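Work through the exercises below with the model open in your viewer. Try each task before you read its solution.

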Amino acid sequence: MTLDDLASAIDRAPSQVSTLENGKREPKFSQLQAIARALGTGVDDLLSAEAPSERDALEIELERVQRGPLFASLGIEGVRIGKSLPHDALSTILALHRELERLHTERAATPEEARRANGELRGDMRAKDNYLPELEQVAKGLLADVGHTSGPLPQRMAAEIAAHLGFTLHYVSDLPHSTRSVIDTRNRRLYLPSKGFRGRSNTRSALLQALASHVLDHTEPGDYGEFLRQRVEANYLAAALMVPEKPGVKFLRDAKDERSIAIEDLRDAFGVSFETAAHRFTNLATRHLGIPVHFMKVHESGILHKAYENDGVRFPSDALGAVEGQHVCKQWTARRVFDVEDRFNPYAQYTDTPSGTYWCTSRVENTSDGAFSVSVGVPFADVKWFEGRETTERNTSLCPDESCCRRPPEELSAKWGDFAWPSARPHASMLAAMPSGAYPGVETTEVYRFLERHAPEV
């Protein structure tokens, strides 16, 4: 049956049927019924996930393969899927792709597992606009329990939340070096470093993140994906306590009405770090303000450590779709900010990319692991709501085209191409596999000995 035949049978224009066939438009139920009648079948068959034939199954599989991150990473053009594609060629292409996937899966016991889990989690959070309503309700309930109704959450109120949950706080000088905090659930004790953290909100943040894991009934993660999800949930709940949804949304809506949204203002209004304010903005921006957004945390070496997007920006990624550990384009705001002498004020820039023009604001924060830029960006159409939109800074990024910033100049390549042998700096989080029943990056024996030293005498 041709496209025209089916269009005539269901009393629709061929162009309308074409948009349904290509997946550009979803049919109404009445249209599905009409199509089913015209094809001599039932609606259940049309909606079945099982392909009508072996050939159809192979074509569907190849279509999905060519849209996936592994195929995209190969840098080759996809083939046109249709009757003209020989069956044996279709089978061979899919067999090759399955073998590539098998090799990646085989190596997934080490760094690939972490990258795969990061990619899956980022996709899940993108689908939710980085907004978790169930955690917002948990935060709202905790704040109500301690009588906090508005304004920034002071350290005193954070301590009251701990007391409300039945924990006593203990500030110690010998906290295990691989931890930010330790909870003793047997004796209902929460240990924090006596010297605090660098940054005005980090002690409060560590306290609330530790409590968040307890409130959310987190247990030892069984795999890296579960570990990452627990970390995201704990960070989210802690941020929702420090920047509660209702006053946070009101503050941002007022700023939007004034066309003066600024992450620094959100930071100052609630007494949190710039990174926490940036994270919290991504939680609330799309759901409550209708603004798509992206977030990046980039090390001074150019390595991407954290990222989120739902605005169409294309982060550098590997074959598994993971972005952590990838080098960010040198033309992006997150890299250019390191060259700016003024570290007091945020740096804003427009960047023309293959996926569109984006405006981004960025700041550099110093940590014990080096300097990091924290950046928040939006598509050009949404910059009208932000402070800093008047910036004249503008750059063009062609990445992932190697001619942009990855390919060395020809004269340097000719001179040093055969004589350079650099040793890359390893990133611990990207190297180690996650053993079963372990907390990544934490020395369990050291933690147990610490608890033994500090346990109250019976």
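The largest cavity is lined by H294, M296, V313, W332, T333, A334, T351, T353, Y358 and C360. Keep in mind that this is a predicted model.

**Exercise 1. Describe the largest cavity: what is its volume, and which elements supply at least two residues each of its lining?**

Step 1. Start with the count. The structure holds two cavities of 30 Å³ or more.

Step 2. Take the volume. The largest cavity has about 70 Å³.

Step 3. At least two lining residues each come from β4 (294–299), α16 (333–336), β6 (347–353) and β7 (356–367).

Step 4. Sort the lining by class. Six residues are nonpolar and four are polar. No charged residue takes part.

**Exercise 2. Now take the second largest cavity: which residues line it, and how do they divide by class?**

Step 1. Find the space. Its volume is about 50 Å³.

Step 2. V337, D342, R343, N345, P346, Y347, S362, R363 and V364 line the second largest cavity.

Step 3. Look for the main contributor. β7 gives the largest share of this lining, three residues.

Step 4. Sort by class. Four lining residues are nonpolar, two are polar and three are charged.

**Exercise 3. Are the residues of β4 buried or exposed, and which strands pair with β4?**

Step 1. Apply the cut-off: buried means under 20% relative accessible area. Six of the six residues of β4 are buried.

Step 2. Separate the faces. H294, M296 and V298 lie on one side of β4, and F295, K297 and H299 on the other. Both faces are covered.

Step 3. Go to the first partner. β5 (residues 304–309) runs antiparallel to β4, and five bridges join the two. In this pair, M296 stands opposite A307.

Step 4. Inspect the turn. Four residues lie between the strands of the β4 and β5 hairpin, where G302 has a positive phi near 100°.

Step 5. Go to the other partner. β8 (residues 370–379) is also antiparallel to β4, with six bridges between them. Here V298 stands opposite S373.

**Exercise 4. Which residues of α14 are buried, and why do they fall on the same side of the helix?**

Step 1. List them. In α14 (residues 263–270), the buried residues are I263, E264, L266, R267 and F270.

Step 2. Check the arc. These residues are on the same side of α14 because they cover an arc of only 160° around the axis.

Step 3. Recall the geometry. An α-helix has 3.6 residues a turn, so residues three or four places apart point the same way.

Step 4. Look past the helix end. G271 follows α14 and has a positive phi, near 60°.

Definitions and conventions. Residues are numbered from 1 along each chain as its sequence is written. This is a predicted model: local features need pLDDT of at least 70, side-chain atom pairs count only at pLDDT 80 or more; totals for chains, interfaces and linings use all residues. Side-chain values use heavy atoms; hydrogens and water are left out. On a 1 Å grid over the protein atoms alone, a cavity is a set of points where a 1.4 Å probe fits but cannot get out, and a pocket is an open set with protein on both sides within 12 Å along at least five of seven lines; lining residues have an atom within 4 Å of a point. Grid points are joined across faces, edges and corners, and a volume is the space filled by probe spheres set on the points. Ala, Val, Leu, Ile, Met, Phe, Trp, Tyr, Cys and Pro count as nonpolar, Asp, Glu, Lys and Arg as charged, and the others, Gly among them, as polar. Buried means under 20% relative accessible area, exposed over 50%, partly exposed in between (1.4 Å probe, protein chains only). The arc is that of the directions from the helix axis to the C-beta atoms. Two strands pair if DSSP finds at least two bridges between them.
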